[in-house]
Amino acid sequence: MKKILVLEDEENIRSFVVINLRRAGYETIEAETGEDALAALKADPEIKVALLDIMLPGIDGFEVCRRMRAMDNRLGVIMLTARAQEMDKVTGLMTGADDYVTKPFSPAELTARVDALFRRAGGDTEAPAADEISAPPFLLNTRNRTLEKNGQRVKLTQVEYSIVKLFMENPGKALSREEILDTVWGKDYFGELKIVDVNIRRLRIKIEDNAQKPVYINTVWGYGYKWGG
Ligand code: CA
């Protein structure tokens with residue numbers, strides 16, 4: 001189980017963080033004060049990553065970090081800072097945080113940082129969940145057959161979903177239109193290759209920021225398409 005402790009005294013920020021982490025497949029434990037967070041970590045050794053707000057009533061996030069480090073050196077720690085300077089100022093008295101995220105942050109940014117830290121913290125020693133493919137800002141859930149972009153559901157047809165899945169399973173690889181057709185529509189489908197282009201065009205409108213200048217689904221001229229750079 002991928003457990004994360006979220007320490008944040010402002011309730012709206014805390015629930016924003018928690019909702020997005022849960023969507024990304026994490027189990028969250030919430031704390032409003034540093035003291036609560038330390039008690040929660042002590043009570044649950046399965047917590048692998050902690051997100052710590054800095055400005056808190058009672059002991060601040062840096063002190064919480066210092067004490068957590070003393071308890072568990074493998075714990076991954078991300079500070080949630082209101083301004084980048086907050087982090088700079090304290091680099092000298094570095095408390096052992098692994099990373100920091102400056103508010104306001106996007107769900108995709110937060111999830112990407114947490115994912116990276118989780119891998120480093122060894123939280124992925126269990127077999128990776130086979131039912132999700134994460135490629136920020138996208139998260140594909142292969143069990144529910146759903147796609148999210150920045151935490152927002154993108155409504156896809158089954159064919160569009162299958163195309164996205166094929167892309168996400170083959171990042172950076174040029175896929176020929178024949179290959180896409182065979183995989184998505186099946187080898188018995190005798191339709192035209194153009195159906196691939198039509199679906200890609202519609203997909204781009206749904207998932208690209210600007211369908212005229214796609215950055216996720218790129219055209220490989222005279223051949224097909226590829227996902228990402
Ligand atoms: Ca705060």
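Helices (H or I, at least four residues) and strands (E, at least two) are DSSP runs, numbered from the N terminus.

**View 1. The whole chain, as a predicted model.** Here you can find eight helices and 12 strands. Of the 229 residues, 45% are buried, meaning under 20% relative accessible area with a 1.4 Å probe, protein chains only. Residues are numbered from 1 along each chain as its sequence is written. In this predicted model, local features need pLDDT of at least 70 and side-chain atom pairs count only at pLDDT 80 or more, while totals for chains, interfaces and linings use all residues; side-chain values use heavy atoms, leaving out hydrogens and water.

**View 2. An open sheet of five strands.** Follow the order β2-β1-β3-β4-β5, with parallel pairing; two strands pair if DSSP finds at least two bridges between them. At the edges are β2 (27–31) and β5 (99–102), each pairing on one side only. On average, neighbouring strands of this sheet are turned by 20° against each other, direction ignored; the axes are lines fitted to C-alpha atoms.

**View 3. Strands β1 and β2 side by side.** Five bridges join β1 (residues 3–7) to β2 in the parallel sense. Look for leucine 5, which stands opposite isoleucine 29 in β2.

**View 4. Helices α1 and α2 on the sheet.** Helix α1 (residues 11–23) touches β1, β2 and β3 (47–53), where contact means heavy atoms within 4.5 Å. The direction of α1 makes about 165° with that of β2; angles run from 0 to 180 degrees between N-to-C directions, and helix axes are fitted over the stretch in contact. Helix α2 (residues 34–43) also packs on the sheet, touching β1, β2 and β3, and its direction makes about 165° with that of β1.

Notes: Buried < 20%, exposed > 50% of the residue type's maximum accessible area, 1.4 Å probe, protein only.
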